Amino acid sequence: MSNVSLKGLKKSYGSVEVIPSLDLDIRSGEFVVLVGPSGSGKSTLLRMIAGLEAVNDGTVSVDGEDVTERDPGDRDMAMVFQSYALYPHMTVAENMTFALRMRGTGEATISKRLADALRMLSLEGLDQRKPGQLSGGQRQRVAMGRAIVRQPRVFLFDEPLSNLDAKLRARTRIELRGLHDKLGATSIFVTHDQIEAMTMADRIVLLDKGHIQQVGSPREIYEKPRNRFVASFIGSPEINLLEGDIRDEGGTIFFEQFALRGAWPDIQPGPYTLGVRPENFDISRAPLEGGVSLEVGAIEYTGSDTFVFGSSPLGELTVKIDADGQDMADGLRAGETLHVRPAAGAWHLFDASGSRVPEN
Amino acid sequence: MAAHHTEIKARRNRRWIIFSLLPAATLFIVLTAFPVINLLGLSFFHVEWREGAAQFSLVGLDNFTRLFTQEDIFWAGVRNNIIFAVVAVSCQMVLGFSMALAVKTAGSRGRAALTGIFLLPIIVPPIVIGTMWRLIMGREFGLANTVLGLVGLGPVDWLGNPDLALASVIFVDVWHWTPFVFLLMLAGLESLDGEVLEAARIDTSGRWQQIRHVVLPMMMPTIVITLLFRVILSFKVFDEVYLLTSGGPGTATEVVNFSIYRTFFRQDQVGYGAAMSVVTLFSITLVIILARAFVQRRAARRQAAA
């Protein structure tokens, strides 16, 4: 178990700055997910930690030890690649033990660790196969096995689940997280998939254009997004972001026609953005006091929930009708009108610069 | 009905395949198989030129008997050619592979410059190469001896000394053909999976381990093809020998192709030259078949062991 500390890390390709300057501390035994849209610098950051990418400035240290200038092979880190990157000319067993053999680890240790890993990953009986004879899921396991047998200080994952089909991906998520807990390792996991980030992470690091937008537990990120970018990146379907004005009417704060009772009593009036997640609406067929009408455009039925996409006087809205409201959802047709109102307390307010306005 | 229909379609398809392959196949047979058969036929004759016409007289295996019992120069050429092939091709493979690795690791600007410089020798026409190296390696006024003279060494008779001449020819051949090997190796390296190479960087300590255990095994198909190609071409070496030493001094740089050329064209012994060609052709073919069988057997054995 090891902590990883990044200080003032910078990366640019010519005049293109990929990571302007980044600080991050990863605690020992933690599962950290780096998530962001493409071009956010998340993969570059992981590759800098691995040593595959040169660092322009700043330091990478593991357990307080500066490894910035070390070769990737001398950092005691193992990496699982998106394409798995198995050695095509080696068998499963040779692939998994390669790093140990290159380090001159004893034969007894190697075969014990190999047997453990094969069992842990249910790869028994496949150890003499070549990668070309394995299915995608099996290759993915071999790639993980190759990392596990090394018992490295840090595990690095570069979108290792994105080549699996949806069903296998969901199962592997749970298995991978289980492995992490069993091994007590420090893991850094890169993905563009917010579901992977939310379900697997102890802490999420949300990146955009090389800047850390927010670091926090999945819950913190979802419930207290620090800015508009974080709010709209995490959550599916996306959060509703409504543009409008805040005004004070005799002590009650209004955002357009919505009364924001109890929150932000001292707020400055002016233009703001109100964020409301699709599940945080009161929905009714009859008009709601302080609500808006919603003309139904499209309906998506997912089994447990129904999502309604429509237009309101404040712009396009997505609202979720959960299992309790299925009676209402059943007869709903496009073109009909619903009435919706943000549920009390589930408001996210962002100022003109996009930053979250803290609740009192 | 449907089965009948597909049958017609299959037949029509087969006819289409045969007819579309026919022109290429005919051309191949006429241009490749026919000369070989003709050569084989010629090797059983003694040909003389009399009154402007060729006189063929059947001599059976006489040409072959003579080749295996009385010939010296040809067999000296075979010996030289084997030395030439082994040394020159080994050097070319090692150098070409190392250069390709260096270029692959270099940055994009360095890569363009290095590739340009490395490729120069293949662009130069063979006649220019021969003349150029004769000027460099000349005994009296050669550049090599002039430079050696500056540091008080030499002069060395690069092409006239029987102990050195073959080495000099090998040197020029290495200079000439290494870029070709380099180019094929670079193409091979570029086609390797980048993530696998990165995985190797993480799993190994040191560059040598990566090359020995990951890059070389993955490059094997390219290496085998290049090696085969270069070995065959090195048994066909002619221009360099002709221009640098003409096979001399004595038989020091005699090679198979040169013996055949001399027998055919200088001495007008067409039948005897044909016999030499036939022996050379079948020996090389046999070696290739054996080498391939060996490689395949080894691959099969490794597969079976796995």
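**Figure 1. Chain A of the predicted model has nine helices and 20 strands.** Helices (H or I, at least four residues) and strands (E, at least two) are DSSP runs, numbered from the N terminus. The model is a predicted one: local features need pLDDT of at least 70, side-chain atom pairs count only at pLDDT 80 or more, and totals for chains, interfaces and linings use all residues. Residues are numbered from 1 along each chain as its sequence is written, and chains are lettered from A and ligands numbered from 1 in the order in which they are written. The C-alpha trace of chain A spans about 80 × 45 × 35 Å along its principal axes. Of the 360 residues in chain A, 37% are buried. A residue is buried if 20 or more other C-beta atoms lie within 10 Å of its own, exposed if 12 or fewer, and partly exposed in between, with C-beta atoms placed from the backbone. Two residues are in contact if their C-beta atoms, placed from the backbone, lie within 7 Å. Among the contacts in chain A with a separation of 6 or more, 65% are between residues 24 or more positions apart.

**Figure 2. Chain B has twelve helices and two strands.** Along the sequence, the pattern of chain B reads α-β-β-α-α-α-α-α-α-α-α-α-α-α. The radius of gyration of chain B is 25 Å, well over the 19 Å that the globule rule gives for 306 residues, so chain B is more spread out than a compact globule. This radius is taken over C-alpha atoms, and the globule rule is 2.2 Å times the number of residues to the power 0.38. The C-alpha trace of chain B spans about 80 × 70 × 40 Å along its principal axes. Buried residues account for 27% of the 306 in chain B. Of the contacts in chain B with a separation of 6 or more, 66% join residues 24 or more positions apart.

**Figure 3. Chain A touches chain B through 21 residues, which are in contact with 15 residues of chain B.** On the chain A side, β6 (77-80) and α2 (92-102) each supply at least two residues. By class, this side of chain A has 13 nonpolar, five polar and three charged residues. Ala, Val, Leu, Ile, Met, Phe, Trp, Tyr, Cys and Pro count as nonpolar, Asp, Glu, Lys and Arg as charged, and the others, Gly among them, as polar.

**Figure 4. Helices α2(A) and α4(A) pack against each other.** Two packed helices are described by the angle between their axes and the distance between the axes. For α2(A) and α4 (residues 136-148) of chain A, the angle is about 30 degrees and the axes are 7 Å apart. Axes are lines fitted to C-alpha atoms, for helices over the stretch in contact, and angles run from 0 to 180 degrees between N-to-C directions. The helices α2(A) and α4(A) are therefore roughly parallel to each other. Angles under 35 degrees count as roughly parallel, over 145 as roughly antiparallel, 65 to 115 as roughly perpendicular and the rest as oblique. The crossing of α2(A) past α4(A) is right-handed; a crossing is left-handed if the near helix is turned anticlockwise from the far one by less than a right angle, and right-handed if clockwise. V92(A), N95(A) and M96(A) of α2(A) make the contact with V142(A), G145(A) and R146(A) of α4(A). By class, these residues are three nonpolar, two polar and one charged.

**Figure 5. A85(A) and D268(B) each have a positive phi.** Most residues other than glycine have a negative phi, and most peptide bonds are trans. Phi of A85(A) is near 50 degrees. A85(A) lies in the loop between β6 and α2 of chain A and counts as buried, with 25 C-beta neighbours inside 10 Å. Phi of D268(B) is near 55 degrees. D268(B) sits in the loop between α11 (256-266) and α12 (270-305) of chain B and counts as exposed, with 12 C-beta neighbours inside 10 Å.

**Figure 6. The peptide bond from S236(A) to P237(A) is cis.** Its omega is near -5 degrees. P237(A) is in the loop between α8 (228-233) and β11 (240-249) of chain A.
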